[in-house]
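User: I have a structure open here and I'm new to it. Could you walk me through it?
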Amino acid sequence: VAAYTMACSLLTTARDSAVIGATLANGGINPLTKELVMAKEIVNQTVTVMMSCGMYNGAGKWIVDVGLPAKSGVGGLIVCVVPGVCGVGIFSPRLDKNGNSTRGVLVAKACSEALGLHVLKANEHQSAHQSRGGSRTGSGASGRPTRSSRPSSNEAHSARTSKKSPAPAGRDIADRNSSKHQTSSRTRVAPTIAPA
């Protein structure tokens, strides 16, 4: 009980969580310090458990809809791992019946669909492009972005802070889709992405 209570009492931000996810996505190497902080075997086991049950009783629907290894916390934080690409931290405190962030789940689903991040599905956007004679440049076999095609940290920062960033659209989608869960207070979703 003491270890669980301590683990649930850690103070983190969406950015911290994105770096944790990016470390897992990068095979245990922290993308900021370039230090190996976790053995590859432990990373594989962790990401596998995240994929199978990291979203509590909502794990099955999460795998179908979002398709990324993830772990949610009862404070409203979700850590997602896009293997070999990046980590994503999403924060919004209102929880659904499974104990997951209501808007966080919607934002993750919107991002996964828009960017073709689902690890178990072929990217339909890439498939359509290839059927028209397009190439796979900058994408892996699944059509997801590869390490070589990801933006630099300056580009990623610009994407997060630009008015054309996907984050506001995600918030709009989350606001529209979660209207039945509205209470009198409005909360914002804070997604953060850290490249692996």
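Predicted model: local features only at pLDDT ≥ 70, side-chain atom pairs only at ≥ 80, totals over all residues.

User: How many helices and strands does the chain have?
Analyst: The chain has 8 helices and 4 strands, and from the N terminus on they run in the order α-α-α-α-β-β-β-α-α-α-α-β.

User: What about contacts between residues 24 or more positions apart?
Analyst: Such residues account for 52% of the contacts in the chain, counting those with a separation of 6 or more.

User: Switching topic, how many salt bridges are there?
Analyst: The count comes to 2 salt bridges. One of them joins Lys-61 to Asp-65, whose closest N and O atoms are 2.7 Å apart, and both residues lie in helix α4 (residues 59-65), separated by 4 residues, or about one turn of the helix.

User: Is Lys-61 buried or exposed?
Analyst: Lys-61 has a relative accessible area of 60%, and because exposed means over 50%, Lys-61 counts as exposed.

User: Which side chains meet in the salt bridge at 4.0 Å?
Analyst: Those of Glu-113 and Lys-109 do, with that distance running from N to O; both residues lie in helix α5 (residues 102-115), 4 residues apart, which is about one turn of the helix. Glu-113 is partly exposed at a relative accessible area of 46%, and Lys-109 is partly exposed at 29%.

How values were computed. Residues numbered from 1 in each chain as written. Heavy atoms only, no water. Helix = DSSP H or I, 4+ residues; strand = E, 2+ residues; numbered from the N terminus. Contact = heavy atoms within 4.5 Å. Buried < 20%, exposed > 50% of the residue type's maximum accessible area, 1.4 Å probe, protein only.
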